[in-house]
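Here is a quick tour for anyone meeting this protein model for the first time. Have a look at the sequence and the structure, and then read on.

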Amino acid sequence: MTEENSSEDTKPVKGLTVMGRIRAYFLTGLLVTAPLSITILVAWVFVDFVDQKVTPLIPKTYNPETYLPFSIPGMGLLIVLVSLTVVGMLTAGFVGKLLVRISESIMARMPVISGIYSATKQIFETVLAQKSQAFREAVLIEYPRRGIWAIGFITGTTKGEVQNLTEEQCVNIFLPTTPNPTSGFLLFVPKGELIPLNMTVEQAVKMVISGGIVTPPDTRPVEEQKVPQTSAKTYEDVDVLREKDGSPVLVSKHPIPSKDENA
């Protein structure tokens, strides 16, 4: 953006009527207060929900609200946090680890619960592990076809049968949907086709949720911003040739010699 355009954008809009100014002020006030109000409301509903479920479980003798003329918001949430911390401390010892192994062996023998428990545990270990890079790097991928770009998140390196069947080194990519990023698709993308993004995961999630309305600024150096890293034109030309030839897959026109011919 040039200096002239930036100066024009900063100039106040002139010629507005009284109703126009009131409407502009109203929208500005709504833009400022709505996100804050919604955040406070969601936090309050969550805290109140936890309090209603946990506070009745506290014996009256140990419940501070029994001796106070008023309730304490967040008491249930505080108890949950303390309880989880205590459980973590107990399971860190030898006896705690032994009990965890026994409980896991019991869970593994139960037909339906074993699958749910193992999947849930693996997800939490992947997301909460300090050394894990899951959901911590945003990348740009071509999806659902060449020439169309989407934001994805690296969840790990592809291993096992999927990697053994592919020639290139692949990466597990979680592709979220808009505006609900909790649902999405699991893609196995060759590592060389990923374009790392300089934006943080939080910024990328905001962009996905807003449907592109909230766009983070490009914080890279100006020299890097002027140099594009990829182009879809080449792939589009190849796709056109492929469609004209009626070839469903891009393959070499020269037949690959069999092992018998090489021998």
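Predicted model: local features only at pLDDT ≥ 70, side-chain atom pairs only at ≥ 80, totals over all residues.

A residue counts as buried under 20% relative accessible area, exposed over 50% and partly exposed in between, using a 1.4 Å probe and protein chains only.

Residues are numbered from 1 along each chain as its sequence is written, and side-chain values use heavy atoms, with hydrogens and water left out.

Back to threonine 55, which sits in the loop between helix 2 (18-54) and helix 3 (75-91). Helices (H or I, at least four residues) and strands (E, at least two) are DSSP runs, numbered from the N terminus. A polar atom of the threonine 55 side chain lies 2.8 Å from the backbone oxygen of aspartate 51. Leaving aside residues up to four places away in sequence, threonine 55 touches Val50, Asn63, Glu65 and Gly76, where contact means heavy atoms within 4.5 Å.

**The sheet**

Two strands pair if DSSP finds at least two bridges between them.

| Strands | Bridges | Residues standing opposite |
|---|---|---|
| Strand 1 (138-142) and strand 2 (149-157) | Five | Valine 139 and glycine 152 |
| Strand 2 and strand 3 (170-176) | Four | Isoleucine 154 and isoleucine 173 |
| Strand 1 and strand 5 | Two | Valine 139 and proline 196 |

**The loops**

Strand 1 and strand 2 form a hairpin with six residues between them, and glycine 147 in the turn has a positive phi of about 95°. Proline 144 is in that loop too, joined to tyrosine 143 by a cis peptide bond with omega about 5°. Another cis bond links threonine 178 and proline 179, with omega about 0°; proline 179 lies in the loop between strand 3 and strand 4. As background, most residues other than glycine have a negative phi, and most peptide bonds are trans.

Tyrosine 143 also has a ring partner. Phenylalanine 185 forms a tilted aromatic pair with tyrosine 143, at 6.2 Å centre to centre and 35° between the planes. Rings of Phe, Tyr and Trp (its six-membered ring) pair if their centres lie within 6.5 Å; planes under 30 degrees apart count as stacked, over 60 as edge-to-face and the rest as tilted. Phenylalanine 185 is in strand 4 and tyrosine 143 in the loop between strand 1 and strand 2, so the pair ties together parts that are 42 residues apart in sequence.

**The cores**

The largest nonpolar core has 10 residues, among them Val139, Ile154 and Ile173. Such a core is a set of buried Ala, Val, Leu, Ile, Met, Phe, Trp, Tyr and Cys residues joined through side-chain atoms within 4.5 Å. Strand 3 gives the most to this core, with three residues.

Methods. Polar contact = N/O pair within 3.5 Å; in protein donor to acceptor, adjacent residues only side chain to side chain.
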